[in-house]
Every structure is written in structure tokens, then in C-alpha cells.
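Here's a quick briefing to read with the model open in your viewer.

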Amino acid sequence: MAQIELDNIQRIFQLGDSEVHALQDVQLRIDAGEYVSVMGPSGSGKSTLLNLLGLLDRPNDGHYRLEGRDVTTLSADEQARVRRERIGFVFQSFHLVPRLTAEENIALPLLLAGISPHDRKARVAQALDDFGLAKRGDHRPDQLSGGQRQRVAIARATIMQPAMLLADEPTGNLDRATGEEVTTLLETLNGRGVTLIVVTHDPHMGERAQRQIRMEDGRIDSDSKRPAP
Amino acid sequence: MMRSRDILGFAIRAATAYPVRTGLMMLAMAIGVAAVVLLTALGDGARRYVVREFSALGSSLIIVLPGRTETGGVGAGSFVTNTPRDLTVDDAAALLRASGVTRVAPLVLGNSEIAYAGKLREVMVIGTTRAFADIRNYRLGQGRFLPEEDWRRGSAVAVIGATLHQELFGAEPALGQMIRVGDRRYRVIGVLAASGSGLGMNADELVIIPVAAAQALFNASSLFRIFAEARDRDAVPAAKTQILDILKARHDGEEDVTLITQDAVLGTFDRILGALTLAVAGIAAISLAVAGILVMNVMLVAITQRTSEIGLLKALGATGSIIRLVFLTEAALLSIAGALAGLLLGHLGAWGLRLMFPVLPAYPPDWAVFAGLGTAIVTGVLFGVMPARHAATLDPVDALSKR
Ligand SMILES: Nc1ncnc2c1ncn2[C@@H]1O[C@H](COP(=O)(O)OP(=O)(O)OP(=O)(O)O)[C@@H](O)[C@H]1O
Ligand SMILES: [Mg+2]
């Protein structure tokens, strides 16, 4: 059984009188621990697919089974719980809360999950260490560089030890070197077993994934797997 | 589920991160609550002041006024006589026959000049009898009150108030000295103890002379009032009937006097000022509703400002109810903080009021404090519900794409 199973997924946006088929008949299997890059022209439905996989959006039709469970029929609160415990998001624009320190931003998912302050402290300290942010814990986002911000965001995305990491153009706002660094970090996490799905415009980055999906007009155009090195 | 302490902490961080917005909202709440506290303190202070002053008159007091105040429209009697008969000293004396009445004091009132050793004062002069001191509970600082004597005689003696004593005599002894009132001379036989109170007539600035002397001074044969005291509070209704009967008989069957009892006056003032306080509190409460609307708008703006944050929280697994709770807590916190600040402000204002007008017991009544705080918090939370619900229903994908 694959970790992610999408069957006949349709996502249609109503734009005035016209309908936009952001996703059409999407059929996809992703196993636990895979490293997948999603590429394709702008408007081809990459972000829509990622939002759907992250349970931030519901398909108009079709089925999404996550770890064997049909999650399309879950209630909003149950979906929130799945997001909290199984899914980590990394965004192009980091989405850090500006008034909170790096530490507090990383602790947010733990806060939402009701973890005790004591456990929180230990886990956040560990994460700061792991991501090379030990001296930056009490800095606010505007006191951090772009790369540091994205590392805080990744630390936050992984603090709950999710089963999969969804990244929508995680290096889009970073320069080449920093982007490389962030990509390496994500790959390290994938190496420890987390499923990694990265949407990217950067062919260089996309080629680093073992599995590459190309999208076109809301459909999966090609899906190629590179044999493991 | 998120711990309530963490929700509180998160809300506090959010509130303090936007000091201008937070300050504005708290100010609106504070002004509303302060207005309720201060205005009710003023209203209730006035009510208490009046009640206290009237209570000082004595609860078994019956005041007789010449003339009938019609209350039920134009009665048949009002066509018969247009000018009421004057009250006379004999009328007053006749009231002593009433079994329910223990003391009677006739009262003549006027302004006159008083002089001692070249010092002049314009004062209020009361002409009355010995019983007046007992009815009004006057205490003597020095000497004695008017002598028990024939009401028609009017010996040339005077009792003066404490302030007047101070102004005319200073440290010199006053007893036995002659003062001039109008064109007559009187020997000072007593000085009232300082009281500081007295509705309309401050006893500290009075000159009291025998009733006949005052009638001669003001060249009047009529009385301003008759003060009668019933045996006790319960005897007041019976005494009133007796007084009315006696005076009616003496005035050719005409009921041309008005009786005022403290209960009636007190009740009326109590009601009027109580209603006034309520009305004022109501007006002040409107400012609280306005504050509530401001809270709503400020929260809505806050949610627009923080849309992407809400999207993020949802992506991180916050349920709708958590989001709702977080924003509701923030609104409630601001309302409570504002209300408490307003309470402080109101009490400060009331304190200032008491400093400025020491006679006014300007304390906000408990009900007003509770109502003010309660309304502030309830409106704050109530008007916070709508924005919080709005935040909870935001679409996470849309919210995340907002910058
Ligand atoms: N909320 C929405 N309402 C209407 N149309 C939408 C909405 N979201 C996406 N679309 C449309 O769906 C299609 C797919 O959008 P999507 O954001 O998934 O593209 P994308 O591949 O991520 O593009 P890009 O590379 O520019 O990010 C586009 O045509 C877009 O206009
Ligand atoms: Mg996109």
C-alpha cells in the first residue's frame, strides 16, 4: 500500500462563468520515504496538487487515501489533526509569524498540539541545534537572513516529526547558494525517511529528486523515476 | 488540543505586538467604563447628599406651608378662594392641641443686615421658638437657645451660627454682647455648634431670634412655615390629619395649607435622583456599545492584517475552534484590560470630584461598577465573536496566499 493514493482527482475553480480545471483526472501513488519533485509551467496545477495533498483543499471529485485512510471524507477538525501530526509545510515566503522569535515560531505546532512547555523547550532546543540556529533562537524573523528564515520554517515543519514534507518552491525567494543549502537540508531530512514532495521551477533542483513529475494543464504529463544510485 | 495557558499567552503576545491598535481599543473601553463609574458616582452622590440632608430634618417632622398645592387638577375648592389665608402664630399654638404632635415651632424667615463692632454681614434671620432647636437637633456650642416664653413677647435675644460667630467675634467672647439686626439690638445668648449641614439654610450662618421679634423686624404678621413634630414616625399620618383638621377649623373650613413630611420629600427626591442616575448610566452605557463596535472593527482589521498568519496556523493543524478561541481571547483580554483601566480612571475621577466638592459623597454605586464592567466585557466578547468566527472560516489556501 502506497503512503499517498490519489484516484481520479478533479479540482475545478469557478471563475465567474468559466470553470478552471486546475486538476483533471489525477492519478498518483507515492510511497513513504520517496523524494518527488513536481515541475511544469505556471498555472499547470502544481500548487493546487500540493494543497490537496496537504489537506488544505478538497477535490471536487475523486479519492485521496493517506496511509490507507480516505481523508477526503474527514471532517475539518479531523483533517486539521492529520495536518498537525502527519504533514509539514514549507512555503516559498517562509510564513513566519513576525512578532514571534525563531524559537516561538518553531514551537507553534507543539503549542497547537498541546505539548507541555517543558517538552516543548527540549524539542525546540534540539531543533535549533540540528538546524544550525542555536544562536538565533531569540531572534525575530526580521533579524534573520533568508536562509535562516527558511531553516526556521523547516524546523517548524519537522518539529512534529511528520510523515511527509510538502514544499512549494522552497528556494524561490533565496539566492542560488542559500537555495542549494536549503535543498540539501530537505534532502537530509528525506534521507532519514520523511517523504519529500517539492514543487519547483528550477530544473536543476527538480533533477535532484529520484522521481520527477511534470504537470501540464492540470494533468500529470510525465512521471519518471530515476533508479536509486 | 491547545492548552488554555498557551492560548492566553499567544493572545497576549498578539495584543502587545500591535500597541496602537490595542491602546485604541482599550481606550474606547476605558472611556466607556470610566463614564459609567464617574457619572453614576455623581448621580448617586447627589442622591445620597439630598437623602442625608433631608434625613437630618428628622423623620417625624411635618412642615406646614400656607397655600394648597393642587395635585389633582382644578378642584371645586379652588374656585372658592384664590388667596390662601396666612399662617399665624396662633395657628401654630393651636397645633399643640393635637394629641399626635409633641412639639411645634413657628418659623419666620428673612434676610437682614447684622452688625457688631463696625462689622456688617448680610445674613438669614430665623424667627422661631425654643422648640425649634429640639426639632432640628441643634446643638449649642456656647450659652443656651431661645428661652421658653410667651410666643407673642419676643425678648431681644439672639442665637448665632458658628461661622457667623467666628466672623463677627473672632476669638472674643460673644455671649452677652449686643448685636444689631436690622434696626434693633439683641443680646447674644447662645452660639450653635458648627454643623456644616443644612439644606438651603446653613445653620452655621444663621441668626435665630424669637418669632415675635422677627415678625416685628420684618413687619409681618404671617409665618413662613410651621414645623411640627409627631410623637414618632408611626404617628405622622395621624398627626397630619389632626393638623389639617385644626387648621381647617381655624380657616373657616378651608383646607388651604400644604403638609410636607420628610418621607414624601425624601421619597420623591430619591426617585427622581435614582432615575437620573440610571438614565445617566444608560447614556454612559451607550458609549460602551460604541466601544464594542470599535472592538469589532479593530478585530476585523486585525484579522485582515493577520490573514496569512491564520492560514499558517491552519496549515500547522489549528482547528477552526482554536482560531476562534485565540481571537476571542484576544478581544476579551483587551476588553477586560480596558474595562479595568476605565474602572481605575472612573474611581480617580470620582475621587477628584470628592476633593472638589467635599459635601458630595461621590462614590459609584456597586451596581454601576458591576454593570459597567459587565457590559464592557460582554460587549467586548460579543463584538469579538463575529470577527473570530470570520477568522475561523477563512479558507487556508486563500489565507496563505495573502501577504
Ligand atoms: N482560488 C482559485 N480560484 C480560481 N482559480 C484558481 C484558484 N487557485 C488556482 N486557480 C487556477 O488553477 C490553475 C492552477 O493553479 P496553481 O496555483 O495550482 O498553478 P501552479 O502550477 O502552482 O502555478 P505557479 O507555478 O505559477 O505557482 C491556474 O489556472 C489558476 O489560475
Ligand atoms: Mg504555485
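How far apart do the C-alpha centres of domain 1 of chain B and domain 2 of chain B lie? The gap is 56 Å. Keep in mind that this is a predicted model.

**Domains of chain B**
- The domain assignment of chain B gives domain 1 as 4-53 + 272-401.
- Domain 2 of chain B covers 106-231 in that assignment.

**Helix packing in chain B**
- Helix α8 (residues 262-305) of chain B packs on helix α10 (residues 320-356) of chain B at an angle of about 140°, and their axes are 11 Å apart.
- At that angle, α8(B) and α10(B) are therefore oblique to each other.
- As for handedness, α8(B) passes α10(B) in a right-handed crossing.
- On the α8(B) side, the contact is made by V295(B), M299(B) and I303(B).
- On the α10(B) side, F327(B), E330(B), A331(B) and S335(B) make the contact.
- Sort the residues of this α8(B)–α10(B) contact by type and you get five nonpolar, one polar and one charged.

**Strands around β7 in chain B**
- Strand β4 (residues 140-143) of chain B pairs with strand β7 (residues 184-192) of chain B in the antiparallel sense, over three bridges. Here Q142(B) stands opposite V191(B).
- Strand β5 (residues 157-160) of chain B runs parallel to β7(B), and four bridges join the two. V159(B) has G190(B) opposite it in β7(B).
- Strand β6 (residues 178-181) of chain B is antiparallel to β7(B), with four bridges between them. In this pair, R180(B) sits opposite R185(B).
- The hairpin of β6(B) and β7(B) has two residues between the strands, and G182(B) takes a positive phi near 60° there.

**The open sheet of chain A**
- Six strands of chain A form an open sheet in the order β6-β7-β8-β3-β9-β10, with mixed pairing.
- Which strands stand at the edges? They are β6 (87-90) and β10 (219-225) of chain A; each has a single partner strand, so one side of each is left without a neighbour in the sheet.
- From one strand to the next, the twist of this sheet averages 15°.
- Inside the sheet, strand β3 (residues 35-39) of chain A runs parallel to strand β8 (residues 195-199) of chain A, and four bridges join them. V38(A) has V199(A) as its bridge partner in β8(A).

**Helices lying across that sheet**
- Helix α1 (residues 46-53) of chain A lies across β3, β6, β7 (164-168), β8 and β9 (211-216) of chain A. Relative to β7(A), α1(A) runs at about 155°.
- Helix α2 (residues 76-86) of chain A lies across β6 and β7 of chain A, and runs at about 75° to β6(A).

**A helix pair in chain A**
- Helix α3 (residues 102-112) of chain A and helix α4 (residues 117-130) of chain A cross at roughly 130°, and their axes come within 10 Å.
- That makes α3(A) oblique to α4(A).
- The α3(A)–α4(A) crossing is right-handed.
- From α3(A), the residues E103(A), I106(A), A107(A), L110(A) and L111(A) meet R120(A), R123(A), V124(A), A127(A) and L128(A) of α4(A).
- By type, the residues of the α3(A)–α4(A) contact come out as seven nonpolar, no polar and three charged.

Conventions
Residues numbered from 1 in each chain as written. Chains lettered and ligands numbered in written order. Predicted model: local features only at pLDDT ≥ 70, side-chain atom pairs only at ≥ 80, totals over all residues. Heavy atoms only, no water. Axes fitted to C-alpha atoms, helices over the stretch in contact; angles between N-to-C directions. Parallel < 35°, antiparallel > 145°, perpendicular 65-115°, else oblique. Left-handed = near helix turned anticlockwise from the far one by under 90°. Contact = heavy atoms within 4.5 Å. Nonpolar A, V, L, I, M, F, W, Y, C, P; charged D, E, K, R; others polar. Domains from an automatic or database assignment. Pairing = 2+ DSSP bridges.
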